[in-house]
Amino acid sequence: SSYRANAQGEADPVVTPHPLYTALGTDESARLTAYRELFRYELEPGVVDEIRRATNGNFALGNERFAAQVSSALGRRAAPGKSGRPRQRPEPDSGGLFDVPKP
């Protein structure tokens with residue numbers, strides 16, 4: 001985790017400040033404070049579960065439009081599919097067009 005570096009200012013040779021992080025404040029103290037504020041409140045348990053499902057399933061987390069955009073950009077499905085086998089479609093009624101007369 002980068003929390004120690006971004007929230008507490010601990011030096012970490014692996015962590016490189018992201019532009020969004022540097023935009024949190026005009027100096028290091030302001031950035032540290034703003035970053036800690038991002039973690040001030042706990043997420044609702046349902047939100048945490050959604051994040052876990054998306055992460056574990058390797059899916060986009062967002063609304064249908066966002067998932068469709070991600071799917072289009074990646075060229076693969078980015079939302080969970082329906083479980084189980086697809087239903088077999090019934091044969092369309094030909095209205096007797098292809099019925100073979102009996103001798």
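Visitor: Which residue forms a salt bridge with R52?

Guide: In this predicted model, a search of the whole structure finds three salt bridges. One of them pairs R52 with a residue that lies, like R52 itself, in helix α4, three residues apart, about one turn of the helix. The closest N and O atoms are 3.8 Å apart, and the partner of R52 is D49.

Visitor: Is R31, which forms a salt bridge with E28, buried or exposed?

Guide: R31 and E28 both lie in helix α3, and the closest N and O atoms of their salt bridge are 3.5 Å apart. E28 has a relative accessible area of 38% and is therefore partly exposed. For R31 the relative accessible area is 15%, and because buried means under 20%, R31 is classed as buried.

Visitor: How many charged residues does the lining of the largest pocket have?

Guide: The largest pocket holds about 150 Å³ of space, and its lining includes E10, D12, E28 and R31. Helices α1, α2 and α3 each supply at least two residues of that lining. By class, the lining has five nonpolar and three polar residues, while the number of charged residues is four.

Visitor: What is the accessible area of the nonpolar surface patch that L43, V47, I51 and L61 form together?

Guide: L43 is found in the loop between α3 and α4, and it counts as exposed because its relative accessibility is 52%, where the cut-off for exposed is over 50%. Taken together, L43, V47, I51 and L61 have an accessible area of about 320 Å².

Technical notes: Residues numbered from 1 in each chain as written. Predicted model: local features only at pLDDT ≥ 70, side-chain atom pairs only at ≥ 80, totals over all residues. Heavy atoms only, no water. Patch = residues over 30% accessible without salt bridge, like charges linked within 9 Å, V, L, I, M, F, W, Y side chains within 5 Å. Areas by Shrake-Rupley, 256 points an atom, 1.4 Å probe, with all protein chains shown as cover. Salt bridge = Lys/Arg side-chain N within 4 Å of Asp/Glu carboxyl O. Helix = DSSP H or I, 4+ residues; strand = E, 2+ residues; numbered from the N terminus. Buried < 20%, exposed > 50% of the residue type's maximum accessible area, 1.4 Å probe, protein only. 1 Å grid on protein atoms, 1.4 Å probe; cavity = no way out; pocket = protein on both sides within 12 Å on 5 of 7 lines; lining within 4 Å. Points joined across faces, edges and corners; volume = space filled by probe spheres on them. Nonpolar A, V, L, I, M, F, W, Y, C, P; charged D, E, K, R; others polar.
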